Amino acid sequence: AVDYMSGSPRPRAWTTEAASGQSVLPTVILERRSTMENRFISSCFSGAASDRVLFAASCTGGKTFVWALNDGRLLFYIDRGSISTVSMALSSDGKTMATARRDNRIDIWTLPPAGETAHTLVSPAQTPLGHRDGVTCVRFCEPRADGVQLLASGGMDSKVTIWQWDVEKRLYRRSKTLCSPKHERSFITCVEFDPSGNTLASLSHDGGVVLWDVESGVERSSWHRFSCAPRIVYLCLS
């Protein structure tokens with residue numbers, strides 16, 4: 001877990017004990033830059049497939065930071081100015097980062113090997129047109145048995161898009177656009193793959209949840225929260 005408190009001199013990273021789930025003392029102090037704002041908008045971690053565990057966070061003001069969690073060192077810095085990042089995701093190997101923009105595009109960044117000092121990333125490797133309206137969430141798929149690399153995105157247009165890595169072209173191409181009656185009245189707030197990469201879950205702002213078959217794009221099941229239940233803000237698959 002990571003926190004960044006207004007007025008705190010540096011962000012702090014915690015670990016949790018797996019058996020009890022209880023938090024322990026901060027293990028890493030994350031390197032701070034004077035250009036950091038006081039509020040994180042979105043954050044994410046790289047997966048276990050990476051030889052370097054990364055933590056990335058976007059702040060107000062169009063700034064994004066990527067740290068190495070083993071020593072808290074700031075590795076990469078992005079300043080997009082007026083282009084705000086509303087959601088972000090790191091690939092399992094820690095080599096690629098996707099950031100969702102308030103307009104209808106996704107920025108896909110290639111993260112180079114870390115140097116001695118923080119490296120400023122100026123322009124993304126790819127900026128595909130994601131949705132007809134703003135992109136609200138992005139998520140990479142864990143490594144699949146067939147080697148296919150996937151990225152999912154959700155948008156204000158109530159649609160979910162699956163992107164597939166084109167090995168020859170070295171870029172992500174739109175694979176499928178998914179639509180469901182459960183999402184037609186509200187925008188998508190969360191997308192999440194299951195560990196096998198065969199199922200994708202999507203959540204809309206009004207509480208509609210849909211499970212998709214990734215290969216066919218067919219809706220497997222769907223449901224809506226009960227009217228008496230609190231608003232669902234996040235989901236995950238085991």
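Two strands count as paired if DSSP finds at least two bridges between them, and strands themselves are DSSP runs (E, at least two residues), numbered from the N terminus. This is a predicted model, in which local features need pLDDT of at least 70 and side-chain atom pairs count only at pLDDT 80 or more, while totals for chains, interfaces and linings use all residues. Residues are numbered from 1 along each chain as its sequence is written, and side-chain values use heavy atoms, with hydrogens and water left out.

- Strand 9 (residues 96-101) is joined to strand 10 by 5 bridges in the antiparallel sense, and A100 has I106 of strand 10 as its bridge partner.

**Largest pocket**
- A pocket is an open set of points on a 1 Å grid over the protein atoms alone, where a 1.4 Å probe fits, with protein on both sides within 12 Å along at least five of seven lines; lining residues have an atom within 4 Å of a point.
- The lining of the largest pocket comprises 35 residues, with V138, R139, V191, E192 and Y234 nearest its centre.
- Strand 4 (40-45), strand 8 (85-90), strand 12 (135-140) and strand 16 (188-193) are the elements that each give two or more residues to this lining.

**Second largest pocket**
- The second largest pocket is lined by 23 residues, of which D93, T96, Q149, W165 and Y172 are the closest to its centre.
- Strand 10 (106-110) and strand 15 (171-178) each supply at least two residues of that lining.

Notes
Helices (H or I, at least four residues) and strands (E, at least two) are DSSP runs, numbered from the N terminus.
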